[in-house]
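Hi everyone, thanks for coming. Have a look at the slide, and then I'll walk you through a few spots.

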Amino acid sequence: MIIKKNYIIGLGALCSGMIFFCLYQELLIIHWGMLIKPEFKKEIIAERKKINLYFWKDERWKKESVEIMWSKDQAATLHYALNQWLNLLDEEEILDKKVLLQYVSLNDSESTVYLSFDRYPFDLESSTHQKHMIIESLLKTVREADIKIPFFHFLVHHKPIIDSHLDFTHPWPIHGFLNS
């Protein structure tokens, strides 16, 4: 009887130890489903919309119409539109290297957008006018697409662009500086 009792205690201790080991190593996960309310993820509905992409080439404005995914999430819409715009600049050979938009983020009041690129977006030999017109074409594309965000910060790898000609430490207004 004592031996049987010792086997039961030993077996219980072995099972408890195995369960504790599995929990600790995350091999066994216990979900208390009734205690936690389920979270419903916000569904982002997107539709196709035609917009114009603007760029400055041969000393005049040019445009190309494209379809993008238009979402209620303005950051996602900007990401779609500006990636299309960057692809167009690459096709038109306005930039010497392909530039990608890494990240688009809005501040809490949705008055400022932060655009982070994967590399310096201008050619090293570009003049101040050429750099300015690239930025103005981005702002014109966003403005004409009727995305109502008043200010834009331009970043490279989440840090302000360092440029000897243009100041990127402050946000750029959506209306640009051509008509100011």
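By buried I mean under 20% relative accessible area, exposed is over 50%, and partly exposed is in between, with a 1.4 Å probe and protein chains only.

Quick housekeeping. This is a predicted model, so local features need pLDDT of at least 70 and side-chain atom pairs count only at pLDDT 80 or more, while totals for chains, interfaces and linings use all residues. Residues are numbered from 1 along each chain as its sequence is written, and side-chain values use heavy atoms, leaving out hydrogens and water.

Back to Ser71, which sits in strand S2, residues 60–71. Helices (H or I, at least four residues) and strands (E, at least two) are DSSP runs numbered from the N terminus. A polar atom of the Ser71 side chain is 3.0 Å from the backbone nitrogen of Asp73.

Next, salt bridges: a side-chain nitrogen of Lys or Arg within 4 Å of a carboxyl oxygen of Asp or Glu. How many does the structure hold? It holds five. One of them joins the side chains of Glu67 and Arg48, at 3.8 Å from N to O. Glu67 is in strand S2 and Arg48 in strand S1, so this pair ties together parts 19 residues apart in sequence. Glu67 is partly exposed at 45%, and Arg48 is exposed at 56%.

Another one pairs Lys131 with Asp163, whose closest N and O atoms are 2.8 Å apart. Lys131 is in helix H3 and Asp163 in the loop between strand S6 (159–160) and strand S7 (172–173), so here the tied parts are 32 residues apart in sequence. Both Lys131 and Asp163 are buried.

Then there's Asp146 with Lys148, closest N and O atoms 2.5 Å apart. Asp146 is partly exposed, at 47%, and Lys148 is exposed, at 60%.

What about disulfides, meaning cysteine sulfur pairs within 2.5 Å? Searching the whole structure gives zero. Cys15 is partly exposed at 38%, and Cys22 is partly exposed at 26%.

We use a 1 Å grid over the protein atoms alone: a cavity is a set of points where a 1.4 Å probe fits but cannot get out, and a pocket is an open set with protein on both sides within 12 Å along at least five of seven lines; lining residues have an atom within 4 Å of a point. Grid points are joined across faces, edges and corners, and volume is the space filled by probe spheres set on the points.

The largest pocket has about 180 Å³ of space. Among its lining residues are Trp56, Asp123, His129 and Met133. Helix H3 (128–144) and strand S1 (46–57) each supply at least two lining residues, and H3 gives the most, with four. By class, the pocket lining has four nonpolar, three polar and four charged residues.

There's also one cavity of 30 Å³ or more, and the largest cavity is about 70 Å³. Its lining includes Trp85, Phe117, Leu138 and Ile161. Helix H2 (74–91) and H3 each supply at least two of the cavity's lining residues. That lining has twelve nonpolar, no polar and no charged residues. For those classes, Ala, Val, Leu, Ile, Met, Phe, Trp, Tyr, Cys and Pro count as nonpolar, Asp, Glu, Lys and Arg as charged, and the others, Gly among them, as polar.

Conventions:
A polar contact is a pair of N or O atoms within 3.5 Å; within protein, one must be able to donate a hydrogen and the other to accept it, and residues adjacent in sequence count only if both atoms are side-chain atoms. A disulfide is a pair of cysteine sulfur atoms within 2.5 Å.
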